[in-house]
Protein chains: 2
Amino acid sequence: MSTPIITISRQYGSGGREIGKRLADELRIPFYDRALIELAAKKSGFDESLFDKADQQSTNSLFYSLSMLGNASGMADLPIHDKLFLIQSNVIREVAEQGPCVIVGRCADYVLQEMDNVVNLFIHSDIKSKVKRAVSEYDVPEKNAEDFITKIDKKRATYYKYYTGMKWGWADNFHLCLYSDSIGISNTVKLVQSYINMLS
Amino acid sequence: MSTPIITISRQYGSGGREIGKRLADELRIPFYDRALIELAAKKSGFDESLFDKADQQSTNSLFYSLSMLGNASGMADLPIHDKLFLIQSNVIREVAEQGPCVIVGRCADYVLQEMDNVVNLFIHSDIKSKVKRAVSEYDVPEKNAEDFITKIDKKRATYYKYYTGMKWGWADNFHLCLYSDSIGISNTVKLVQSYINMLS
């Protein structure tokens, strides 16, 4: 099998983003995290900050059908966060159609569910190591780090549920779920590479 | 790290049992599936068939604390399926204390949660391949195989929830969750072996 498109869903502070970046470097394929928002902002004319905030505005009351994707005329009456999600989803599809890449977050696993050659990963870890990473790498104040992380992960779960109708962190939705603490970031990257090499 | 104790939770027909057996053979460590029930029956004097049926008798209304484990005097008033679970849990602890082994099902991940050197796996797969395996390996009639598998997995989830208070199939509860269809049984065994070699 040729190098797949890799989507990564990750708990905050689990090292999922770093794993994705290193995977992309090792496989010499593009990495989309922040770059995806920049592309979506450029394409739509909306400010990048709106995309950043979008996942805080969704509720868990609606399972929004992606059937409207690409239906520009149907977007006029949508709430802004739904419009942003659709724009972002179109960008995800566009970059995925260009070839193998790593995409972090943004329900990319769901957006690309009709495509072949997609591998969906979920990275999680212990709250202690998440706090450590949040403090050292994202400058989160140590005092409230645990609460902060719990809230962010809850928002990610809500955002995922809202747009996909599926449960975030449910093993069934992913090809490979890994607890990054047990073998560390470098070994997790190596293990995912081994997995990719085994795909037939 | 020395060879760990490996617990395997698996969807019916996902190949999880076979993966466990092959892993045990490769690592030259004991494999406990049916053997666990035989040991528990021998130890307790209860018939093996009672253990087989135990997971059909639990409901999802009670999160039973394992704090009573080993408290023989507290067992007298328990329903039979709870007694069987406690006997079985004691057997799981006893075999785990003897050294590395592979244990399939029976909430072994939860029973051994206080032990170091335990790796918890969850194996799942597509309903089509589960039907194929159920028909070819377990002689399940093809006509009703999908319903049958769904019911068995629901029972496993209920049993797990009842005794552990946790969600079966939730990535957070496992070190490694694998979709066995994507790379097949042999490669899944190899990948888990690679993972074990990476444990520090």
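**Reading salt bridges, helix faces and backbone angles**

Analyst: Glu18(A) and Arg22(A) stand four residues apart in helix α1 (residues 16-27) of chain A, which means that about one helical turn separates them. Helices (H or I, at least four residues) and strands (E, at least two) are DSSP runs, numbered from the N terminus. This is a predicted model, in which local features need pLDDT of at least 70 and side-chain atom pairs count only at pLDDT 80 or more, while totals for chains, interfaces and linings use all residues. Residues are numbered from 1 along each chain as its sequence is written, chains are lettered from A and ligands numbered from 1 in the order in which they are written, and side-chain values use heavy atoms, with hydrogens and water left out.

User: What forms between Glu18(A) and Arg22(A)?

Analyst: In general, side chains of opposite charge can pair when their charged atoms come close. A salt bridge is a side-chain nitrogen of Lys or Arg within 4 Å of a carboxyl oxygen of Asp or Glu. Glu18(A) and Arg22(A) form one, their closest N and O atoms being 2.6 Å apart. Over all chains, the count by this rule is 10 salt bridges.

User: Why can residues at such a spacing in a helix face each other's side?

Analyst: An α-helix has 3.6 residues a turn, so residues three or four places apart point the same way. Helix α1 of chain A holds another case: Asp25(A) and Lys21(A) are four residues apart there, about one turn of the helix. Their side chains meet in a salt bridge at 3.0 Å, N to O. In helix α6 (residues 127-138) of chain A, Arg133(A) and Glu137(A) are likewise four residues apart, about one helical turn. The salt bridge between Arg133(A) and Glu137(A) has its closest N and O atoms 3.9 Å apart.

User: How many residues does chain A have, and what share of them is buried?

Analyst: Chain A has 200 residues, of which 53% count as buried. The chain contains eight helices and five strands, and along the sequence they follow the pattern β-α-β-α-α-α-β-α-β-α-α-β-α. One buried residue is Ile196(A), with a relative accessible area of 7%; Ile196(A) sits in helix α8 (residues 180-198) of chain A. Ile196(A) and Ile6(A) are 190 residues apart along the chain, and their C-alpha atoms are separated by 9.6 Å.

User: Which residues of helix α2 of chain B are buried?

Analyst: In helix α2 (residues 34-44) of chain B, the buried residues are Leu36(B), Ile37(B), Ala40(B) and Ala41(B). Seen down the axis of α2(B), these buried residues fall within an arc of 130°, so they line one face of the helix. The arc is that of the directions from the helix axis to the C-beta atoms. The face of α2(B) turned away from the buried side carries the exposed residues Lys42(B) and Lys43(B). Just after α2(B), Gly45(B) takes a positive phi of about 85°.

User: How is a positive phi to be read in other residues?

Analyst: Most residues other than glycine have a negative phi, and most peptide bonds are trans. Asn117(A), which is not a glycine, has a positive phi near 60°. Asn117(A) is in the loop between α5 (108-111) and β4 (118-124) of chain A, and is partly exposed at 23% relative accessibility. In chain B, Arg106(B) has a positive phi of about 60° although it is not a glycine. Arg106(B) belongs to the loop between β3 (102-104) and α5 (108-111) of chain B.

Methods. Buried < 20%, exposed > 50% of the residue type's maximum accessible area, 1.4 Å probe, protein only.
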